[in-house]
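Here's a quick briefing to read with the model open beside you.

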Amino acid sequence: MANKTILEEEIKNTVAAEFFDRFDCTTILGKIDFAVRLKRPKDAVDFNDEYLLWAEAKQKSADIIAMLAQLVLTIGKARTFDKILPPPFLGCYDSEKIAFVPYSEIQDIFYQNDFNWNVAPSNHDTKEFRQVYSQIENIINNDIPWETFLFYFEKDKKELQRFIRDNFIVGKNKTTKIKIDKNNFISIYSKWLDTVKPTIQVNNWNAAKKAGIIDGDFYLADLLSDENKTLKEKLFVLLKTDHYELDRKIDESGFENFKSTAFSDNQKAHTQFWAKYERPPHEDYWDYIIERRDLLVPQDVRERKGSFFTPQIWVELSQRYIADVFGDDWQDEYFVWDCCAGTGNLLAGLINKDNLWASTLDKQDVDVMRDRIKNGANLWQNQVFQFDFLNDELLPVAKGGKLPDELYDIIADETKRKKLIVYINPPYAEATSATTIYGKRENKTGVAIIHKTRKRFQQKIGKATNELFAQFLSRIYADINGCKIAEFSTLKAISGTSFVLFRNFFLAKLEKAFIVPANTFDNVNGKFPIGFKIWDTNKKTKIKNIKVDVFDKNNKNIGHKIFYTFEKRKYINDWLNQYKASSDNTFGILNTRGNDFQNQNYIAIDHNAVDIVAHSIKFNITIENLIYCSIYFAVRKAIPATWLNDRDQFLYPNKKWETDFEFQNDCLAYTLFNNNIQSKYGVNHWIPFSEKEVDSKYKFKSHFMISFLSGKIIRNAYADLFTQLEAEEKAKSKSNWKEGEKREFSLEAQAVFAAGRELWRYYHLQKDCNVNASLYDIKEHFQGRDAKGKMNSKSSDPKYTELIATLRETLKILAKKIEPKVYEYEFLKK
């Protein structure tokens with residue numbers, strides 16, 4: 001190790017060979033330089049592969065504290081400790097020395113508040129690096145006998161070997177326990193599901209779920225415990241040393257009755273699992289973890305009930321909007337009922353608890369809200385109650401129902417009802433989703449279809465009953481008519497094609513609204529808008545085009561957007577269908593689906609021998625409709641899909657496009673360099689160049705596209721494509737193409753052709769090139785595929801990388817040129 005010019009990788013190999021040869025040092029753990037764990041014996045089944053060391057490595061002599069600080073920032077940025085049990089030691093080494101620090105001495109750094117972990121760990125000039133450096137320096141100076149953990153490779157070789165032999169033993173160091181906080185309690189829950197849950201003596205978890213008991217309740221009982229005794233008595237399940245108690249009730253005699261269940265392995269797995277973690281979490285996190293019980297709900301239950309926790313920034317913004325509509329004194333002048341309250345976070349910040357009611361489907365959530373009341377939540381115990389809004393009758397307690405009598409009196413009184421605001425973030429779950437209609441999963445049994453409201457309103461609102469939020473709105477409108485509604489939901493009620501009947505039924509005035517990105521809500525994936533809308537059901541107005549305020553993920557107002565109903569307009573697929581062609585003489589297929597941006601990824605052009613994507617519509621491409629298909633393709637793809645335009649509908653255009661040949665040719669150029677044609681499925685008729693243009697050494701099998709572009713169709717030259725003369729004549733008569741006319745392209749389109757030509761030329765220089773290759777084939781050649789068969793996103797060939805980047809840039813410019821025409825010709829409405 002005396003060679004100061006030794007490379008970093010050589011240092012790692014040398015350290016591994018000389019000092020850690022009994023261990024496995026080959027694992028690549030994120031961006032951690034060096035990781036040590038026990039070697040796995042051959043044919044091992046039950047093997048503990050916990051890590052013993054994570055270390056930073058440097059080529060040249062370096063500051064120990066600086067190396068450790070960089071390692072801490074690397075681990076903290078990736079939150080490696082949330083995914084993998086941390087080792088007993090962190091360390092660092094260079095060409096002359098190695099140092100170790102017990103992980104338990106360092107771990108508090110990872111849990112400090114208001115710390116930016118997104119800085120580059122290698123940048124030693126950031127304030128975050130300096131802060132961590134100072135913290136480690138303080139720990140070393142005050143808590144660690146440095147002489148015990150610092151070794152020089154040459155002079156301390158025997159001592160270092162002895163230290164590793166005595167300390168690198170799994171289970172020897174008992175000080176390392178993972179702290180639990182609001183960031184990692186979910187990832188720990190995932191591990192708990194695999195390890196502890198199977199040992200809990202519950203014979204039928206599905207039956208337990210139907211009774212309202214979920215595995216997450218057992219996890220919370222474990223998590224919020226000390227010495228295996230749950231500290232929060234109001235939880236639905238309690239851990240009592242060696243068993244769980246649940247379903248606790250007080251009988252008529254005043255005695256508490258409960259059910260209990262134990263462990264099938266004498267609590268062995270439970271003990272081993274929790275030995276790794278420090279319980280309970282810091283008390284500051286308790287309320288948050290209990291509130292977020294929704295994150296522990298199994299996916300099938302979550303989809304059925306619609307657990308979508310409202311972020312506090314949107315809670316506060318929604319309450320500002322309510323004040324704008326109903327006045328600053330609205331909390332004193334109006335009653336408020338959240339009828340799908342969850343754990344009650346939507347009502348946070350409201351001050352007049354006399355006028356607040358909260359109900360929810362789950363008794364556990366009621367218990368959580370009542371427990372929060374004891375900790376300061378601004379609600380009355382008797383105004384928080386269990387109620388299934390989509391199934392239970394609107395009857396007061398006095399008549400055997402579930403509604404508090406005072407709330408029922410408000411609903412029953414026409415005057416008071418006008419002063420009731422139903423303030424909700426209802427479920428967004430639907431009976432089908434992308435994973436069901438696209439063929440990956442069966443329809444979600446029990447989502448939207450099991451409720452009484454579905455049967456009741458199905459004839460009135462049709463397919464809208466697939467959406468739980470539509471069932472909520474329909475019942476509120478029908479049974480509490482005259483009230484105000486302040487609700488979060490998607491924009492389907494405004495612009496959804498399946499909501500025509502709903503819009504005829506739900507006659508209410510929209511007072512004010514805003515939209516935000518859906519993925520700012522927990523449990524919501526995808527890029528689409530969620531709106532907050534304030535309705536007055538006492539004012540009978542049919543839903544029409546609406547203007548809403550737009551806020552980005554940081555709560556910044558970025559303008560306005562109009563959503564259209566389009567009930568009397570045709571859509572772009574209606575327009576395309578008039579150009580249908582038979583399967584004869586097909587040289588490609590256009591996959592079409594839906595009329596909105598959310599389906600953009602499924603719009604594609606493939607070889608006609610390729611099976612279409614499930615639920616897409618196969619549209620044959622021939623010479624008769626090539627231009628129309630190109631217009632359709634470019635219009636659907638040129639404008640990027642965003643969360644803001646996700647629900648925008650593509651429409652049947654006006655006729656102005658018909659005389660704009662430059663627009664048509666721009667669309668053709670865009671399509672020629674964006675398709676998925678692959679020559680392995682058959683003859684490639686999409687090569688937009690001649691052999692001479694790309695310096696091909698051999699003749700192409702098809703010259704159709706270059707002939708089409710130049711205005712020439714050579715009779716009988718393409719027997720596989722045009723077998724009948726009358727088909728050709730029919731094609732010429734129906735298209736705006738005329739034989740002998742060369743297509744003229746704009747400067748932007750010419751730039752695309754030029755960039756593509758250079759890419760083709762470079763490809764034809766390759767020894768193993770396919771002379772009939774398509775653009776897709778060329779990409780595949782240079783980018784290759786990963787182990788799963790997916791095309792890589794990058795190439796190791798710098799020349800290709802430069803050429804494809806140029807092509808993509810010219811396509812972006814061409815797309816920008818096409819974009820205003822999309823609106824001018826009313827394919828889209830601004």
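A cavity here is a set of grid points where a 1.4 Å probe fits but cannot get out. By that rule, this predicted model holds four cavities of 30 Å³ or more. The chain they sit in runs to 830 residues, and 55% of those count as buried.

**The chain overall**
- You'll find 31 helices and 25 strands in the chain.
- Take the contacts between residues at least 6 apart in sequence: 67% of them join residues at least 24 apart.

**The largest cavity**
- How much space lies in the largest cavity? The figure is about 70 Å³.
- Its lining includes Asp217, Leu220 and Ala221, along with Lys234, Leu235, Phe236 and Val237.
- Arg293, Gln364, Asp367 and Val368 also line the largest cavity.
- Two helices, α10 (215-223) and α16 (363-374), each supply at least two residues of this lining.

**The nonpolar cores**
- The largest nonpolar core has 69 residues, and Ile136, Trp192 and Tyr244 touch the most other members.
- Helix α2 (residues 64-78) gives this core its largest share, ten residues.
- There's also a second, separate core of 68 residues, with Phe633, Ile639, Cys667 and Tyr763 among them.
- Which residues does isoleucine 136 contact, once its neighbours within four places in sequence are left aside? The list is Ile65, Leu68, Ala69, Val72, Ile106 and Ile109.

- Look for a cis peptide bond between arginine 279 and proline 280, where omega is about -10 degrees.
- Proline 280 belongs to the loop between β13 (277-278) and α12 (286-291).
- Threonine 241 isn't a glycine, yet its phi is positive, at about 65 degrees.
- To find threonine 241, go to the loop between β10 (237-240) and β11 (243-250).
- Is threonine 241 buried or partly exposed? Its relative accessibility is 38%, so threonine 241 counts as partly exposed.
- Aspartate 695 is another residue other than glycine with a positive phi, this one near 60 degrees.
- The loop holding aspartate 695 runs between α26 (661-672) and α27 (704-710).

**Around asparagine 555**
- Asparagine 555 lies in the loop between β21 (546-551) and β22 (557-563).
- With a relative accessible area of 28%, asparagine 555 is partly exposed; the cut-off for buried is under 20%.
- Not counting residues up to four places away in sequence, asparagine 555 touches Ile313, Trp314 and Leu317.
- How many residues separate asparagine 555 and proline 517 in sequence? They are 38 residues apart along the chain and 10.0 Å apart in space, going C-alpha to C-alpha.

Conventions
Residues are numbered from 1 along each chain as its sequence is written. This is a predicted model: local features need pLDDT of at least 70, side-chain atom pairs count only at pLDDT 80 or more; totals for chains, interfaces and linings use all residues. Side-chain values use heavy atoms; hydrogens and water are left out. A nonpolar core is a set of buried Ala, Val, Leu, Ile, Met, Phe, Trp, Tyr and Cys residues joined through side-chain atoms within 4.5 Å. Buried means under 20% relative accessible area, exposed over 50%, partly exposed in between (1.4 Å probe, protein chains only). Helices (H or I, at least four residues) and strands (E, at least two) are DSSP runs, numbered from the N terminus. Contact means heavy atoms within 4.5 Å. On a 1 Å grid over the protein atoms alone, a cavity is a set of points where a 1.4 Å probe fits but cannot get out, and a pocket is an open set with protein on both sides within 12 Å along at least five of seven lines; lining residues have an atom within 4 Å of a point. Grid points are joined across faces, edges and corners, and a volume is the space filled by probe spheres set on the points.
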